[in-house]
Amino acid sequence: MAESGLTNLSRAPFCSETILGSLGSQITPTESFYIRSHFSDVPELDPDTWRLQIEGLVSNPITLSLDDLRHMPSSELVITLECAGNSRSYVNPPAEGLPFRHGAVGTARWKGVPLQTVLEEAGVFESAREVLFEGADVGEEEEGGTTFDLPYSRSLPLQKAIHQDTLLAYEMNGESLKPSHGYPVRLV
């Protein structure tokens with residue numbers, strides 16, 4: 001699964017970093033944008049059946065399709081992303097993790113629905129403090145000698161989640177997201 005403009009770092013999970021010469025323009029071409037997978041299998045999702053569920057501390061739990069999101073008011077922003085492990089191998093060679101040099105960074109034009117719009121529609125309770133996001137990618141995690149199959153997940157403090165620039169992005173550089181970049185929707 002090699003992409004042009006990338007140096008492969010691992011196959012399972014597939015991870016690659018941008019060749020520094022590809023970072024010469026303001027926008028990193030999609031085929032040169034770094035890839036950080038956490039599990040070996042990238043899910044193959046059908047855009048017709050994929051759904052986003054908003055539930056928990058909300059007054060109006062909702063389920064949205066990709067078409068629902070595309071019909072909502074959208075924003076387009078140029079945003080730079082950097083993996084937390086960028087420059088890891090130069091600062092302190094990792095005992096664990098990937099040996100990212102300096103190429104786990106890229107700037108893209110992202111288009112999507114402000115997360116704030118979706119959370120307002122769901123009616124988030126005042127008592128909510130964090131928003132938990134679970135991806136479709138599932139893999140093994142070990143804790144205390146027990147192995148669990150868990151979805152990749154992260155949380156954001158509610159104040160960051162409702163910021164106008166936090167997007168549920170469905171396009172990157174003018175095209176639908178690729179599976180290696182979070183298809184069909186990625187939190188940016």
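Asparagine 173 lies in the loop between β10 (167-172) and β11. In this predicted model, the phi angle of asparagine 173 is near 55 degrees, a positive value in a residue other than glycine. Asparagine 173 counts as partly exposed because its relative accessibility is 22%.

One joins alanine 12 and proline 13, with omega at about 5 degrees; proline 13 is placed in the loop between β1 (6-11) and β2. Another joins tyrosine 183 and proline 184, with omega likewise about 5 degrees. Proline 184 belongs to the loop between β11 (175-176) and β12 (186-187).

In soluble globular proteins, nonpolar side chains tend to be buried together. Here the largest nonpolar core has 23 residues, and those with the most contacts inside it are Ile54, Leu69 and Val118. The elements that give two or more residues to this core are the strands β4 (51-54), β5 (62-65), β8 (130-143) and β10, together with the helices α1 (66-70), α3 and α4 (158-161). Helix α3 gives the most to this core, with four residues.

Which residues does leucine 69 touch, not counting residues up to four places away in sequence? They are Trp50, Leu52, Leu64, Val113, Val118, Leu168, Tyr170 and Val185. Apart from the core of 23 residues lies another core, of 16 residues, among them Ile79, Leu98, Ala104 and Met172.

## Threonine 117 in helix α3

Helix α3 (residues 115-122) also holds threonine 117. This residue counts as partly exposed because its relative accessibility is 25%. Threonine 117 and proline 13 are 104 residues apart in sequence, and their C-alpha atoms are 33 Å apart in space.

Side chains of opposite charge can pair when their charged atoms come close. In one of them, the side chains of glutamate 17 and arginine 101 meet at 2.8 Å, N to O. This pair links distant parts of the chain, 84 residues apart: glutamate 17 is in strand β2 (residues 14-18), and arginine 101 is in the loop between α2 (88-91) and β7 (105-114).

Glutamate 76 lies in strand β6 (residues 75-82) and arginine 109 in strand β7, so the pair ties together parts that are 33 residues apart in sequence. Glutamate 76 is partly exposed, with a relative accessible area of 44%, and arginine 109 counts as partly exposed at 35% relative accessibility. Lysine 178 and glutamate 175 also meet in a salt bridge through their side chains, at 3.7 Å, N to O. Lysine 178 is partly exposed, with a relative accessible area of 33%, and glutamate 175 counts as partly exposed at 43%.

## Glutamate 171 and its contacts

Glutamate 171 lies in strand β10. Its relative accessible area is 17%, and because buried means under 20%, this residue is buried. Leaving aside neighbours within four places in sequence, glutamate 171 is in contact with Arg70, Arg109, Trp110, Lys111, Ser176 and Leu177.

Phenylalanine 33 and tryptophan 110 form an edge-to-face pair, 5.9 Å centre to centre, with 85 degrees between the planes. Because phenylalanine 33 lies in the loop between β2 and β3 (35-36) and tryptophan 110 in strand β7, this second pair ties together parts that are 77 residues apart in sequence.

Phenylalanine 33 and tyrosine 34 are both buried. Phenylalanine 33 has a relative accessible area of 0%, and tryptophan 110 is buried with a relative accessible area of 0%.

Note on methods:
Residues are numbered from 1 along each chain as its sequence is written. This is a predicted model: local features need pLDDT of at least 70, side-chain atom pairs count only at pLDDT 80 or more; totals for chains, interfaces and linings use all residues. Side-chain values use heavy atoms; hydrogens and water are left out. Buried means under 20% relative accessible area, exposed over 50%, partly exposed in between (1.4 Å probe, protein chains only). A salt bridge is a side-chain nitrogen of Lys or Arg within 4 Å of a carboxyl oxygen of Asp or Glu. A nonpolar core is a set of buried Ala, Val, Leu, Ile, Met, Phe, Trp, Tyr and Cys residues joined through side-chain atoms within 4.5 Å. Contact means heavy atoms within 4.5 Å. Rings of Phe, Tyr and Trp (its six-membered ring) pair if their centres lie within 6.5 Å; planes under 30 degrees apart count as stacked, over 60 as edge-to-face and the rest as tilted.
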